[in-house]
Amino acid sequence: MDIEVVINEVLQRIRPTEEERTFVRKLMNELGEIAEETIKELGLDVKPYFVGSLAKDTYLAGDHDVDLFLAFPLETPLEELRKKGLELGKAIAEKLDSYEIAYAEHPYVRAKYRRVSVDLVPCYDVKSWRDVRTAVDRSILHTQWVNEHLDGRNDEVRLLKRFLKGINAYGSEVYVRGFSGYLAEILVVKYGSFLEVLEKAGFILRQKIIDPADWLRKEPEIARKTVEREINENKPLIVIDPVDPRRNVSANLSWERYGIFYFKSAEFLEKPSIKFFFPPEKPWKNYLEVLRERKTILLTLVFEVPNMVDDLLLPQLERSAKGLERALEREGFKVLGWNVGKTEKAFIMLELDRAERERIMLKPGPEFFTERGRRFYEKNEKVWIVGKRLYSEKRVKENAVDVVIELLEKGQVSLGRGIREAVKGANVLLNYVPKELEKETYLFLSREKWNLKD
């Protein structure tokens, strides 16, 4: 299929219609009026700002999540910002349809209005990077920078975002470690279009450092520190934030997700297809069939999800999986791969080369000159004397499940600190998973979860 035909077809699906744009404008106007009215009622000196893809007009059709930031004066103490920001967010949300308290660097309110998610986030009213005090403050500057530099290429950003979603490389969250929306916007500003970004996938990786605001010249000492830090942490890409020389926009981007982008960009340019943007769901079959084909075994630990956000939970699950991998390999099992995540409960899956191990155990016996000593001598095949005591040895078989349980009980596995007790109390399952994990297990064992090729 011709590349322009594909792009036009995709745009028809991802570009918001006029009706949708009207809905979004009305929604933002109403929310802005409610916020300003509530701020006035509470007598606060706060400015409401819309940030994110709606404010930048880079949102995809059907994706209307609103980010409304409540900016306090710079002289506001942090504790006061947190307290009054939460009070203000709740007061605004009470005029909407429903809400709940969520937590990031500080508490914020997540509300619903006209079936749209609305995040009400307190922050500082920053004018430059030197004013930034909390992680969310930059969002105001990000929105301003994109709106000043995008220059009508909004649809190019939409194409890049949808492409990244389709190849499973979109989202900077710790459980994805892909491209953020802001990174996609910067790449389009820097290279001009969706296709040019794809064409330069290899060049971008080789170039390594992208500095859209020329910070390496304007603030060389600070920008060089950012570059050195990120190089030392072996990041695939360093994109110095155009609004803050201290920050790498692509800090959360993993080598794996960039690798997916690298291969899929080349494939799309060679054989354009709508499937890169809207991939068909991969078929899956019974995970037990895969186990039989691979002649391996599956060990799964299932446990209650600790009360922590996903961004904190996932790294601890990964650390625990690596700890189990090291411990089992010390015990003579070969770990062929692992997978972690959560549904109703958290889980750690490990694929092993076998279910049991054989090992030789030393068998101490009685003193050689006793009646029991004579029976021990007659009963065992290999017998020797150390001092006056008899010794022999025997072969024993140990199940992987028993080995894991014993390792956990003895504290011989390096586990994530926040989930240590939960993992120790896990149900350890052999070649079986709960029903809600059957598809995930198939995708893991078949490697379709990470397979680069269709």
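Analyst: Let's start with a term: a residue is buried under 20% relative accessible area, exposed over 50%, and partly exposed in between (1.4 Å probe, protein chains only). Keep in mind that this is a predicted model, where local features need pLDDT of at least 70, side-chain atom pairs count only at pLDDT 80 or more, and totals for chains, interfaces and linings use all residues. Residues are numbered from 1 along each chain as its sequence is written, and side-chain values use heavy atoms, with hydrogens and water left out.

Now to the pairs. Side chains of opposite charge can pair when their charged atoms come close. Here a salt bridge is a side-chain nitrogen of Lys or Arg within 4 Å of a carboxyl oxygen of Asp or Glu, and the structure holds 41 of them.

Take Arg130 and Glu219: their closest N and O atoms are 2.7 Å apart. Arg130 lies in the loop between β5 and α5 (138-149), while Glu219 is in the loop between α10 (215-218) and α11 (220-232), so the bridge ties together parts that are 89 residues apart in sequence. (Helices, H or I with at least four residues, and strands, E with at least two, are DSSP runs numbered from the N terminus.) With a relative accessible area of 55%, Arg130 is exposed, whereas Glu219 is partly exposed at 21%.

Next up is Arg114, which forms a salt bridge with Glu30, the closest N and O atoms being 3.0 Å apart. Arg114 sits in the loop between β4 (107-113) and β5 (116-124) and Glu30 in helix α2 (residues 18-42), so this pair ties together parts 84 residues apart in sequence. Arg114 is partly exposed, at 40% relative accessible area, but Glu30 is buried, at 15%.

Glu79 is exposed, with a relative accessible area of 54%, and Arg82 counts as partly exposed at 22%.

Arg15, Arg21, Asp57, Asp155 and Arg158 are linked in a network of salt bridges.

So what do we have?
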